[in-house]
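This report covers helix packing, nonpolar cores and some local detail. Please have the sequence and the model open while reading.

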Amino acid sequence: MNNRSFDSECKTDQLFPESIIRDNIKRLVPYSTARDESSISFGTYMDANENPYNTGYNRYPDPHHKRLKQELALKMGTIDQDMIFAGNGSDEAIDLVIRVFCTPGVDNVVSISPTYGMYKVAASINDVEYREVPLRNNFALDPEAILKATDEKSKIIFLCSPNNPTGNLLEKSSVIRVIENFKGIVVIDEAYCDFSSEEGFVPLLKVYNNVVVLQTMSKSMGMAALRVGFAFGDSRVISYMNRVKYPYNLNRASQEAAIRRIREGSRSLGIIISERERVSRRLNESPEVIRVYESETNFLLARFKNASGMYKFLTANGVIVRDRSRTPGCEGCLRITIGKPSENDRLLSLISGYGKDKFILPPNPFIEISRITAETAITLKADFTGGGLSLINTGIGFLDHMLNQITTHGGLSLELDAYGDTQVDFHHTTEDVAIVLGEALNRYFKSVVNNRRYGFSLPMDESQASVLIDLGGRAGFKWDVVFSGEKIGDFPCEMLSHFFSSLSTSGKFTLHIKAEGENDHHKAEAVFKAFARSLSMALETDLSEKFPSSKGVI
Ligand code: PMP
């Protein structure tokens with residue numbers, strides 16, 4: 001079917017399955033808010049027992065997700081707002097369609113196998129029988145077998161395209177054959193459609209009103225933690241889903257972030273697709289791999305000679321993939337999500353070293369440390385690929401600002417949370433943060449480089465700083481910085497030398513730091529930036545041959 005026929009009038013109105021909606025749902029009087037009943041858009045809100053003082057989150061979020069739907073409808077162009085359901089991930093939509101259409105203990109749903117596991121879980125939770133129909137050998141949909149598995153109690157058919165975990169698109173003509181010959185709802189889960197080269201199934205909504213298409217912001221849009229997913233379908237189906245959902249199913253932060261993301265679009269889609277192709281080619285060359293399946297998603301399904309051995313080996317070396325080797329149809333297969341280029345490189349080099357005696361493990365760029373003492377509790381996640389988002393919270397504003405210089409200029413990302421006795425003073429928190437960061441640097445350096453010296457001089461307005469690092473494995477510290485005042489803001493200047501000396505002791509590297517200038521803030525910032533620059537050179541693993549050491553151990 002081509003686009004022109006999608007534009008034609010809806011030819012199958014008789015397919016709209018109002019009759020299969022559960023009676024109790026048809027009769028349901030949904031929860032409504034006082035604000036639904038009033039047309040005033042700005043008022044004195046004394047209806048919802050909220051706290052009136054503004055925290056940014058003191059009011060309940062919009063239960064109808066109006067702005068979000070407006071933005072999405074605008075972006076998509078082809079569907080109206082009343083055809084959009086917004087949920088707490090598309091997982092919520094999966095559960096809701098079952099609850100709207102299936103009577104527990106009576107009805108059944110039909111799906112393909114292998115596929116995404118939540119259809120079965122949601123059916124089981126709702127006490128709805130789940131029938132699985134295997135895909136053909138090449139993972140193609142078998143429409144006749146699907147239809148054959150249905151009976152008068154079948155209310156929903158779940159299809160997934162591109163399919164998880166097989167990665168392929170379902171043939172459009174086969175899907176249409178199912179839609180046209182089924183009297184219930186056909187859900188087409190398109191969680192991965194943005195990674196695909198084909199148009200997808202949304203245009204079918206103009207033609208068939210027994211179709212529900214699911215999409216999510218968790219994959220190409222990179223918003224999995226915010227839990228935002230959508231169902232698109234006939235406005236009558238969507239309105240029943242809205243009646244059944246929790247009134248405030250999508251929190252305000254998620255709605256706002258989703259709106260911004262929809263406007264911006266995905267920045268990482270292109271690189272993920274090109275990395276998928278590169279990783280696929282490289283896996284295909286590996287003697288450990290029997291076959292890599294074509295993928296229209298952000299993951300690859302690959303059949304290995306020894307999948308469970310490979311899975312254990314990868315896990316033992318800190319790379320977690322999904323073992324699908326016991327899933328019928330995926331025997332011997334691992335499902336590998338495409339990561340950042342450096343993560344993919346690590347995976348590929350591990351696979352190439354599998355089973356070899358003299359294999360040198362590539363460094364693990366992710367280090368996690370948790371340290372609790374009587375004075376502080378600190379957790380640190382360091383990502384030495386530098387591609388992550390840094391979130392630093394030590395409870396000391398100036399220290400956060402300085403640590404952010406390290407991540408911005410140092411080629412690493414840090415998620416750092418420190419709770420310390422800052423009500424006493426900043427000493428313990430500053431020192432312990434330095435100890436934990438030093439420990440992370442030490443662990444990483446040990447696995448990457450040895451015996452290296454780096455230095456960087458950095459001007460900052462009227463100030464300048466130079467920082468030299470020697471990664472010879474021995475702690476040493478020289479500090480040649482004089483501050484004109486005692487404090488920068490509320491941060492004592494003497495804590496700066498203490499921070500770097502603790503860092504060098506715990507990181508087991510030598511640091512020589514020198515700075516001059518008139519403004520204390522500039523001087524401190526120049527020191528942190530110069531340190532970060534030296535560090536980023538140290539993290540550049542391919543500089544190894546450029547700065548040879550004159551001795552084995554310096
Ligand atoms: N559908 C498919 C096919 C998926 O693979 C996933 C998540 N792995 C989901 C839906 C769930 O997405 P969400 O995060 O929006 O709940």
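Axes here are lines fitted to C-alpha atoms, for helices over the stretch in contact, and angles run from 0 to 180 degrees between N-to-C directions. The model is a predicted one. Two packed helices are described by the angle between their axes and by the distance between the axes.

Helix α16 spans residues 494-507, and helix α17 spans residues 520-539. Their axes come within 11 Å and cross at roughly 15°. Angles under 35 degrees count as roughly parallel, so α16 is roughly parallel to α17. The crossing of the two helices is left-handed.

Which residues of α16 and α17 meet? From α16 come Leu496, Phe499, Phe500 and Leu503. From α17 come Ala524, Val527, Phe528 and Phe531. The contact holds eight nonpolar residues, no polar ones and no charged ones.

## Two nonpolar cores

The largest nonpolar core has 56 residues. Within this core, Phe499 and Phe531 touch the most other members. Both residues also take part in the contact of α16 with α17. Helix α17 supplies the largest share of the core, nine residues.

What does Phe531 touch beyond its neighbours within four places in sequence? Its contacts are Ile406, Leu441, Val467, Ile469, Phe500, Leu503, Phe509 and Leu511. Phe500 and Leu503 belong to α16.

Another core, of 48 residues, lies apart from the largest one. Among its members are Ala73, Ile84, Phe182 and Met223.

## Helix α4

Helix α4 covers residues 66-76. Its residues Leu68, Lys69, Glu71, Leu72 and Ala73 are buried. Ala73 is also a member of the 48-residue core.

What covers the buried residues of α4? The cover includes strands β1 (84-87) and β7 (229-233). It also includes helices α9 (235-244) and α10 (252-264). After α4 comes Gly77, with a positive phi near 80°.

## Leu135 in its loop

Leu135 sits in the loop between β3 (129-134) and α7 (143-148). Is Leu135 buried or exposed? Its relative accessible area is 11%. Buried means under 20%, so Leu135 is buried.

Ile176 is 41 residues from Leu135 in sequence. C-alpha to C-alpha, Leu135 and Ile176 are 16 Å apart in space.

Terms used. Residues are numbered from 1 along each chain as its sequence is written. This is a predicted model: local features need pLDDT of at least 70, side-chain atom pairs count only at pLDDT 80 or more; totals for chains, interfaces and linings use all residues. Side-chain values use heavy atoms; hydrogens and water are left out. Helices (H or I, at least four residues) and strands (E, at least two) are DSSP runs, numbered from the N terminus. Angles under 35 degrees count as roughly parallel, over 145 as roughly antiparallel, 65 to 115 as roughly perpendicular and the rest as oblique. A crossing is left-handed if the near helix is turned anticlockwise from the far one by less than a right angle, and right-handed if clockwise. Contact means heavy atoms within 4.5 Å. Ala, Val, Leu, Ile, Met, Phe, Trp, Tyr, Cys and Pro count as nonpolar, Asp, Glu, Lys and Arg as charged, and the others, Gly among them, as polar. Buried means under 20% relative accessible area, exposed over 50%, partly exposed in between (1.4 Å probe, protein chains only). A nonpolar core is a set of buried Ala, Val, Leu, Ile, Met, Phe, Trp, Tyr and Cys residues joined through side-chain atoms within 4.5 Å.
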